[in-house]
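Open your viewer and get ready to click along. We will take the model one selection at a time.

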Amino acid sequence: MKQQPQRQAVQPKVTYTKGDIVLFRDVERFWLGKPGHTFVGRVERSWQHADTRKVLYDLVELSGNRHRAGIDPVYMRLLPPTDAMHDIDTAPLSEPDTGAMTPAAVAWLRQHLGQDSSALPTRP
């Protein structure tokens, strides 16, 4: 029986910039089975390690405003704005029932239309 070669996902090299929102995994906590190993952070700066010359990042953990320094980008993934805004971008604006829209889409529409009321404009 011929064995199929295993495929391994290859993450492309990404350069992060200040302000990027990323998902970070603390690999030591992860492999030890400890809680709190994965969090969402904002990139504050990048710098090069003096000995290894590897580019590292400093992040701010968004859930607690905690600073994390010297983060290896191998354990970071960019959280694209497209994914965060998908529900707004795909909101069924032609639906008369606002219940079909997500709360984020409704909030965006209220802000965009400059209305504070809970009712959306009716269709002509």
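This is a predicted model: local features need pLDDT of at least 70, side-chain atom pairs count only at pLDDT 80 or more; totals for chains, interfaces and linings use all residues.

Now select β1 and β5. These strands pair in the antiparallel sense, with three bridges between them. Click V22 and look across to β5, where L78 stands opposite.

**The whole protein**

Switch to a cartoon view. The protein has four helices and five strands. Of its 124 residues, 19% count as buried.

**The sheet**

Five of them make an open sheet in the order β4-β3-β2-β1-β5, with antiparallel pairing. At the edges stand β4 and β5, each with a single partner strand, so one side of each has no neighbour in the sheet. On average, neighbouring strands of this sheet are turned by 40 degrees against each other, direction ignored. What holds such strands side by side? Strands of a sheet pair through backbone hydrogen bonds.

Select β2 (residues 38–48) together with β3: seven bridges join this antiparallel pair. W47 has L56 of β3 opposite it. The hairpin of β2 and β3 has six residues between the strands, and there R53 takes a positive phi near 65 degrees.

Move on to β3 and β4 (residues 66–71), an antiparallel pair with four bridges. Here Y57 has I71 in β4 as its bridge partner. Four residues lie between the strands of this hairpin, where N65 takes a positive phi near 55 degrees.

Is β3 enclosed or open to the outside? Six of the seven residues of β3 (residues 55–61) are buried, so the rest of the structure largely encloses this strand.

**The core and a surface patch**

Show the side chains of Y16, V22, F24, F39, V43, Y57, L59, I71 and M76. These nine residues form the largest nonpolar core. At least two residues of this core come from each of β1, β2 and β3.

For a nonpolar group on the surface, select I21, L23, V40, L62 and L79, a patch with about 320 Å² of accessible area together. One of its members, I21, sits in strand β1 (residues 21–25) and is partly exposed, at a relative accessible area of 30%.

**Salt bridges**

Time to look at charges. Side chains of opposite charge can pair when their charged atoms come close. A search of the whole structure finds five salt bridges.

- Start with R42 in strand β2. R42 forms a salt bridge with E44, with the closest N and O atoms 2.9 Å apart. R42 is partly exposed at 29% relative accessible area, and E44 is partly exposed at 24%.
- Go to D72 and K54, a salt bridge whose closest N and O atoms are 3.2 Å apart. D72 lies in the loop between β4 and β5 and K54 in the loop between β2 and β3, so the pair ties together parts 18 residues apart in sequence.
- Finish with E61 and R68, whose side chains meet in a salt bridge at 3.3 Å, N to O. E61 counts as buried at 12% relative accessibility, and R68 counts as buried at 12%.

Conventions
Residues are numbered from 1 along each chain as its sequence is written. Side-chain values use heavy atoms; hydrogens and water are left out. Patches are made of residues with over 30% relative accessible area and no salt bridge: like charges are joined within 9 Å, nonpolar side chains (Val, Leu, Ile, Met, Phe, Trp, Tyr) within 5 Å. Accessible areas come from the Shrake-Rupley method with a 1.4 Å probe; for residues, only the protein chains shown count as cover. A salt bridge is a side-chain nitrogen of Lys or Arg within 4 Å of a carboxyl oxygen of Asp or Glu. Buried means under 20% relative accessible area, exposed over 50%, partly exposed in between (1.4 Å probe, protein chains only). Two strands pair if DSSP finds at least two bridges between them. Axes are lines fitted to C-alpha atoms, for helices over the stretch in contact, and angles run from 0 to 180 degrees between N-to-C directions. A nonpolar core is a set of buried Ala, Val, Leu, Ile, Met, Phe, Trp, Tyr and Cys residues joined through side-chain atoms within 4.5 Å.
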